[in-house]
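Subject: Structure for your review, with notes on helix packing

Dear colleague,

I am handing over the structure below, and my notes on it follow. Please read them with the coordinates open beside you.

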Amino acid sequence: MKSQYVDRIIRACKLDVSLYEEVEADKSALWQAMAVVILSSIAAGIGFYKTGGFSGIITGTIASLLSWYIWAYITYFIGTKFFPEPQTRADLGELLRTIGFSSSPGLLRVFNIIPRVG
């Protein structure tokens, strides 16, 4: 039986709209969303191993985390301050939970370590 966390990651990868509504409303999902972002960043770092070795893992992971944070902040700012619709109601937690789970496909970046054939 799959855990709720793994099920949410799979549903996020499938772009299941109901998942995003679910985690937007579930304040306890923030830790799960943060874990997805961290795991996705580590996967990106591991993917950099073949070009940068161990320092590539560290640099890739940190760069991925920083770029995610900057992207999330810009998204929040644009969506709530710059171009809000009259019905726009979002707090930072809702945004972080939904964007965190939207990083689920980034877990596949770990496969970048596999050499290309041909």
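Leaving aside its neighbours within four places in sequence, which residues is S64 in contact with? Before the answer, please keep in mind that this is a predicted model. With those neighbours set aside, the contacts of S64 are S41, A44 and R109. S64 belongs to helix 4, and with a relative accessible area of 10% it is buried, the cut-off for that word being under 20%.

Helix 3 and helix 4

Helix 3 (residues 30-47) and helix 4 (residues 49-82) have axes that come within 6 Å of each other and cross at roughly 150°. Because angles over 145 degrees count as roughly antiparallel, helix 3 is described as roughly antiparallel to helix 4. The crossing of these two helices is right-handed. On the helix 3 side, the contact is made by V37, I38, S41, I42, A44, G45, I46 and G47, which meet Y49, K50, G56, I57, G60, T61, S64, L65 and W68 of helix 4. By residue class, the contact of helix 3 with helix 4 divides into 9 nonpolar, 7 polar and 1 charged.

Helix 3 also holds S40, which is buried, with a relative accessible area of 2%. Leaving aside neighbours within four places in sequence, S40 is in contact with S103, G106, L107 and R109. The C-alpha atoms of S40 and A63 are separated by 12 Å, and these two residues are 23 residues apart along the chain.

Helix 2 and helix 5

Sorted by class, the contact of helix 2 with helix 5 comprises 4 nonpolar, 2 polar and 3 charged residues.

In soluble globular proteins, nonpolar side chains tend to be buried together. In this model, the largest nonpolar core has 9 residues in all, namely I9, A12, L19, Y20, V23, A29, A33, V36 and F101. Helix 1 (4-13), helix 2 (17-25) and helix 3 are the elements that give two or more residues to this core, and helix 2 supplies the largest share, 3 residues.

A backbone point to check

Finally, where does L15 lie? L15 is found in the loop between helix 1 and helix 2, and although L15 is not a glycine, it has a positive phi of about 60°. L15 is exposed, with a relative accessible area of 61%.

With best regards

Terms used. Residues numbered from 1 in each chain as written. Predicted model: local features only at pLDDT ≥ 70, side-chain atom pairs only at ≥ 80, totals over all residues. Heavy atoms only, no water. Axes fitted to C-alpha atoms, helices over the stretch in contact; angles between N-to-C directions. Helix = DSSP H or I, 4+ residues; strand = E, 2+ residues; numbered from the N terminus. Parallel < 35°, antiparallel > 145°, perpendicular 65-115°, else oblique. Left-handed = near helix turned anticlockwise from the far one by under 90°. Contact = heavy atoms within 4.5 Å. Nonpolar A, V, L, I, M, F, W, Y, C, P; charged D, E, K, R; others polar. Core = buried A, V, L, I, M, F, W, Y, C linked by side-chain atoms within 4.5 Å. Buried < 20%, exposed > 50% of the residue type's maximum accessible area, 1.4 Å probe, protein only.
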